[in-house]
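Hi everyone, thanks for making time this morning. Please have a look at the sequence and the structure on the screen before I start talking.

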Amino acid sequence: MQTPAPTQYSDLTHQLIKPDLPLSCLPFLFLQVQRDFEELPADAVPQLRDSLMQLLFRFGTGSPAVRTQLCLAIAALAAHLPAGQWGEGGVLRWLMDKFSGQDPGMAMSCMLELLTVLPQVGKIGRWWVVYPGGSAAQI
């Protein structure tokens, strides 16, 4: 299966919102964000970020695997963007603002998942394993 071109991120996320599309393509979305972010037009970043959040709101109470894949895609995006592009307070404040007004159970599940995966995505989208005690190794 061929992954979409970077300029097709928003098209892919809008297609994912359709209930009849299989969600098996979510890992490819993460890989695209992780690997090809530099090719994404700057004006498409906010749309991608908002689309990922819409998907997380929609599927956040569903399958834990789907929630994890969406959180990984958001974490990969966070690894590429400077804190200032998320607004005052950085990515965590932006996420808290987005989750306010949402179902508290869904918001808590998603925020905990995001807090779990954010440290696993290293600077510029490389994977790091964080070991107990705070040491890390790139894989």
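Predicted model: local features only at pLDDT ≥ 70, side-chain atom pairs only at ≥ 80, totals over all residues.

The protein chain has a mean pLDDT of 75, and 68% of its residues reach 70 or more. Which element has the highest mean pLDDT? That is helix α6, residues 104–117, with a mean of 93. At the other end, strand β1, residues 128–130, has the lowest mean among the elements, 43.

Now, on to helix α3, which covers residues 45–59. Let's take its meeting with helix α4, residues 64–80. How are these two helices oriented? Their axes come within 10 Å and cross at roughly 160 degrees. Angles over 145 degrees count as roughly antiparallel, so that is how α3 runs relative to α4. The crossing is left-handed.

If you'd like to find the contact yourself, look on the α3 side for V45, L48, R49, L52, M53, L55, L56 and F59. Their partners on α4 are V66, R67, L70, C71, A73, I74 and L77. By type, the residues of this contact are 13 nonpolar and 2 charged, with no polar ones.

Next comes helix α5, residues 90–99. Its axis and that of α3 come within 12 Å, crossing at roughly 50 degrees. The two helices are therefore oblique to each other, and here the crossing is right-handed. From α3, the residues involved are R49, D50, M53, L56 and F57, and they meet W94, L95, K98 and F99 of α5. This contact divides into 6 nonpolar and 3 charged residues, again with no polar ones.

Let me finish with the aromatic rings. How many aromatic pairs are counted? The count is 2. One of them is formed by F57 and F99, with 5.8 Å between the ring centres and 70 degrees between the planes, an edge-to-face arrangement. Because F57 sits in α3 and F99 in α5, this pair ties together parts that are 42 residues apart in sequence.

That's my tour, and I'm happy to take questions.

Conventions. Residues numbered from 1 in each chain as written. Heavy atoms only, no water. pLDDT = per-residue confidence, 0-100. Helix = DSSP H or I, 4+ residues; strand = E, 2+ residues; numbered from the N terminus. Axes fitted to C-alpha atoms, helices over the stretch in contact; angles between N-to-C directions. Parallel < 35°, antiparallel > 145°, perpendicular 65-115°, else oblique. Left-handed = near helix turned anticlockwise from the far one by under 90°. Contact = heavy atoms within 4.5 Å. Nonpolar A, V, L, I, M, F, W, Y, C, P; charged D, E, K, R; others polar. Phe/Tyr/Trp six-rings, centres within 6.5 Å; stacked < 30°, edge-to-face > 60°.
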